[in-house]
Amino acid sequence: MSRNSQTAEEKRQFSGYFSVMSHGTFCVTSNHVAPVFVLLEYVTLKKMREIIGWPDGRGDGIFSPGGAISNMYAMLLARFKMFPEVKEKGMSSVPRLVAFTSEHSHFSIKKGAAALGIGTESVICIKVDESGKMIPADLERRILEAKQKGFVPFFVSATAGTTVYGAFDPLIAISDVCKKYNVWMHVDGAWGGSLLMSRRHRWKLDGVDRANSVTWNPHKMMSVPLQCSALLVREEGLMQNCNQMHACYLFQQDKHYDLSYDTGDKALQCGRHVDIFKLWLMWRAKGTIGFEAQIDKCLELSEYLYNKIKDREGYEMVFDGKPQHTNVCFWYLPPGIRYMEDKEERKKHLHKVAPVIKARMMEYGTTMVSYQPQGDKVNFFRMVISNPAATFEDIDFLIEEIERLGQDL
């Protein structure tokens, strides 16, 4: 082969490769545009469904721009499943729908209801226990109450790893209620879903296999770079029926390959980032055992922090018992307010402590810990550990730093 012909052949091969990579990097709409990434998404989502516990990994799924959108997808599917006519005729064709989620759930459930025209007032918040878990008896009571008013319960979102407490709702009991009243059960596992990778901790999601849909964000506990959020759906074909628009100029029905690999028409988006590539590469590099090890390490570090401060002078836990996830919620009480007898005055001063210490942390650049109020509880620290590179010495430093920065308050 001549030098000139070699160059032409190389150019042709490179051009084809570049076409796949450049389109695939920003767009997963069909198999002929991003064939490799469509297949990676197919096998990875199947593996995730197997880990959830659905037989043979059957079902469907999609990677979306974050957990909020994954949760909205679930609500969209639940509505379509119960009232498929809403796709063409809109909300005027269906009765007043109501959804249920816990008081400690993520705000994206209400945001999704607003975006879908269901309305935030149609999201009913269910009471939680002291540790932040949804109370199934209250869920059933509120479903019955809604039905008596003529509303139609269509969606329950249980949370596996709440934002603040890291609580895991009792999925088995919730699924029993959903089955009894024929309501779609969604599990928002954006934060806690990755514990399914751990043999030591996956029991916290017992019953997740009974869900109709699950949100799982590998960009959290699995340390995949943002963004990487998956919605997993138990019923195969439902996403396609719900979202497809039969755009024949893009999704031709007479293509020479299996049309099931044309995934673009089941998404709300047309072009999508190939979020799957980051997860697939990391999974290949670390393996399931590697992911398990880093998740177990983070849980071990959070337990270490809890054990160090639960009986330490100047610290008070927000709720009793060991953390369910890596969220460790606590108050630091500076010497100046530890022995205040006036409870209201003490509460008023305590509310200001965490914000001041956090500001000083940022100014010194030594560490960073979140804080927030919750219900009637004043501002408290919420230390969330998601970096397996952290050490016990780092935890010791954090405790000492809080005390150093807050001693004069």
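**Close-up views of a predicted model**

**View 1. Lys 81 counts as partly exposed, at 44% relative accessibility.** Buried here means under 20% relative accessible area, exposed means over 50%, and partly exposed is in between (1.4 Å probe, protein chains only). A word on what you are looking at: this is a predicted model, where local features need pLDDT of at least 70 and side-chain atom pairs count only at pLDDT 80 or more, while totals for chains, interfaces and linings use all residues. Residues are numbered from 1 along each chain as its sequence is written, and side-chain values use heavy atoms, with hydrogens and water left out. Lys 81 and Glu 235 form a salt bridge, with their closest N and O atoms 2.8 Å apart. Lys 81 lies in helix H3 (residues 67-82) and Glu 235 in the loop between S7 and H8, so the pair ties together parts that are 154 residues apart in sequence. A salt bridge means a side-chain nitrogen of Lys or Arg within 4 Å of a carboxyl oxygen of Asp or Glu. Helices (H or I, at least four residues) and strands (E, at least two) are DSSP runs, numbered from the N terminus.

**View 2. Asp 60 and Lys 266 join up in a salt bridge.** The N to O distance is 2.6 Å. Asp 60 sits in strand S1 (residues 60-64) and Lys 266 in the loop between helix H8 (238-243) and helix H9 (275-309), so this pair links parts 206 residues apart in sequence. Asp 60 is buried, with a relative accessible area of 10%, and Lys 266 is buried, also at 10%. Side chains of opposite charge can pair when their charged atoms come close. The count for the model comes to 20 salt bridges, and a network of them links Asp 138, Arg 141, Arg 142 and Glu 145.

**View 3. Helix H11 holds both Asp 396 and Phe 392.** Asp 396 makes a salt bridge with Lys 308, the closest N and O atoms being 3.4 Å apart. H11 spans residues 392-406 and Lys 308 lies in helix H9, so the pair ties together parts 88 residues apart in sequence. As for Phe 392, that residue is partly exposed at 31% relative accessible area. Leaving out residues up to four places away in sequence, Phe 392 touches Glu 300, Leu 301 and Tyr 304; contact means heavy atoms within 4.5 Å.

**View 4. Strand S6 has buried residues on both faces.** Ser 213 and Thr 215 are on one side, with Val 214 and Trp 216 on the other. S6 pairs with strand S5 (residues 184-189) in the parallel sense over 4 bridges, and with S7 in the antiparallel sense, over 4 bridges. Strands pair if DSSP finds at least two bridges between them. Look at Thr 215: Asp 188 stands opposite this residue, and Leu 231 is its bridge partner in S7.

**View 5. Lys 220 carries an annotation in the UniProt record.** That unreviewed entry lists "modified residue: N6-(pyridoxal phosphate)lysine" here; such annotations may be inferred rather than shown by experiment, positions follow the numbering used here, and feature names are shortened. You'll find Lys 220 in the loop between strand S6 (213-216) and strand S7 (229-233). Lys 220 counts as partly exposed at 32% relative accessibility. Neighbours within four places in sequence aside, Lys 220 is in contact with Ala 190 and Trp 191.
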